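This report covers the ligand site of the structure below and a few features of its backbone.

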Amino acid sequence: MSSSTKTGVVETLRWRNGRLEMIDQRILPMRFEYLSYANADEVAQGIRSMVVRGAPAIGCAAAYGVALQALAHQHTEAKAFTQAMAHGFEVLAASRPTAVNLFWALQRMRQHQTAHAHLPQPELANGLLTLAHEIADEDVRINQAMGAHGANLLADGARVLTHCNAGALATAGHGTALGVFRSAVAAGKRISVYADETRPFLQGARLTAWEMVQEHIPVTLITDNMAGHLMKHGEIDAVVVGTDRVAANGDVANKIGTYMVAVLAHRHQIPFYVACPLSTIDMSLPHGDAIPIEERNPDEVTGFGGQRWAPEGVKVRNPAFDVTPAELVTALITEKGVVRQPNEAALKKLFEA
Ligand code: MRU
């Protein structure tokens with residue numbers, strides 16, 4: 001395996017020779033390979049097909065998609081450039097619906113484009129690339145800040161359950177939920193992780209387990225239906241997950257199955273923490289029912305990797321996310337600190353000053 005993890009650093013996205021390269025997360029952990037992207041259409045396809053996934057990573061990829069589109073069309077005449085940019089924003093915005101970081105990053109890129117529209121196109125394109133780099137660098141710093149806040153919530157020896165992958169692979173680096181584990185370990189705490197396999201796409205089994213194994217952080221893989229049993233037997237001290245979008249009232253959208261884990265944690269009086277950068281909070285939506293939930297291909301439920309196990313003709317549902325009501329969230333861990341029992345007033349405060 002040619003891996004960029006020799007130093008313990010997973011470079012989910014990287015800029016090489018004027019192109020964006022992204023780890024192909026669809027083939028992990030069996031193979032470690034980068035795919036290369038040259039324009040917005042290609043990046044949108046990479047997001048849609050799950051080469052890159054996880055809310056902050058999707059946002060960063062989209063920012064690079066806009067920059068690539070500008071670079072690819074910088075020498076065309078003004079009208080064609082404007083049309084190509086409009087198409088780039090459109091195709092990226094349509095790539096996946098739930099993670100708000102995608103729209104947050106596109107908005108930042110669009111604001112930059114509007115504010116610098118008077119510049120020669122090559123200059124504007126380079127400015128957009130600089131902003132994409134900044135968004136990615138900022139994401140790592142934010143994750144490290146969240147990690148430091150979150151690490152304080154975990155006791156030495158804590159056994160922590162996580163669902164889906166909210167690691168370095170789901171961000172520009174360090175991770176949100178897994179960033180909390182990494183920071184706790186760096187602070188000298190002995191943390192052991194339980195990773196839900198996360199049916200149907202198996203982000204927990206394939207990505208979270210891989211990241212933790214790479215870094216020698218003790219990890220135990222369980223199927224999703226084992227979490228309740230372990231909680232009942234006192235084997236889980238805390239739950240930490242990431243999120244794709246948090247509504248103004250503190251309702252949390254995350255990978256399908258997260259709600260089930262939150263209900264179980266509540267039943268067993270286990271703290272349920274959500275690592276949540278401010279870029280994932282959508283104050284325009286009053287509550288979680290307004291969050292668009294992606295419905296994915298039935299093939300993900302009827303089989304895996306080309307192997308079908310369900311009968312032909314069976315009806316299938318495949319919502320990719322669910323919403324955990326704010327009342328089940330013990331705290332949001334943000335880069336600005338820990339927000340206990342999140343509600344609208346507390347979230348509004350995060351955006352002040
Ligand atoms: O469908 P995915 O793999 O993009 O879903 C990812 C998740 O749900 C993550 O838990 C979430 O984006 C938080 S990532 C820091």
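## Ligand shell

By class, 7 nonpolar, 7 polar and 4 charged residues form the shell around the ligand. Here Ala, Val, Leu, Ile, Met, Phe, Trp, Tyr, Cys and Pro count as nonpolar, Asp, Glu, Lys and Arg as charged, and the others, Gly among them, as polar. The ligand is surrounded by 18 residues, and the closest are R96, Q203, D244, N254 and K255; a residue is near a molecule if one of its heavy atoms lies within 4 Å of it.

Helix 2 (55-73) and strand 9 (252-255) each supply at least two residues of this shell. Helices (H or I, at least four residues) and strands (E, at least two) are DSSP runs, numbered from the N terminus. Domain 1 (3-140) and domain 2 (144-352) both contribute residues to the shell, so the ligand lies between them. The domain bounds come from an automatic or database domain assignment.

## Basis of the model

This is a predicted model, in which local features need pLDDT of at least 70 and side-chain atom pairs count only at pLDDT 80 or more, while totals for chains, interfaces and linings use all residues. Residues are numbered from 1 along each chain as its sequence is written, and side-chain values use heavy atoms, with hydrogens and water left out.

## Contacts and cover

An N or O atom in the side chain of K255 is 2.7 Å from a ligand oxygen. Polar backbone atoms also take part: that of A55 is 2.8 Å from a ligand oxygen, and that of G54 is 3.0 Å from one. The protein covers 100% of the 420 Å² of accessible area that the ligand has on its own (Shrake-Rupley method, 1.4 Å probe).

## Backbone features

The peptide bond from L28 to P29 is cis, and P29 is in the loop between strand 2 (19-23) and strand 3 (34-37). R199 and P200 are also joined by a cis peptide bond, with omega about 5°.

C164 is not a glycine, yet its phi is positive, about 70°.

Notes
A polar contact is a pair of N or O atoms within 3.5 Å; within protein, one must be able to donate a hydrogen and the other to accept it, and residues adjacent in sequence count only if both atoms are side-chain atoms.
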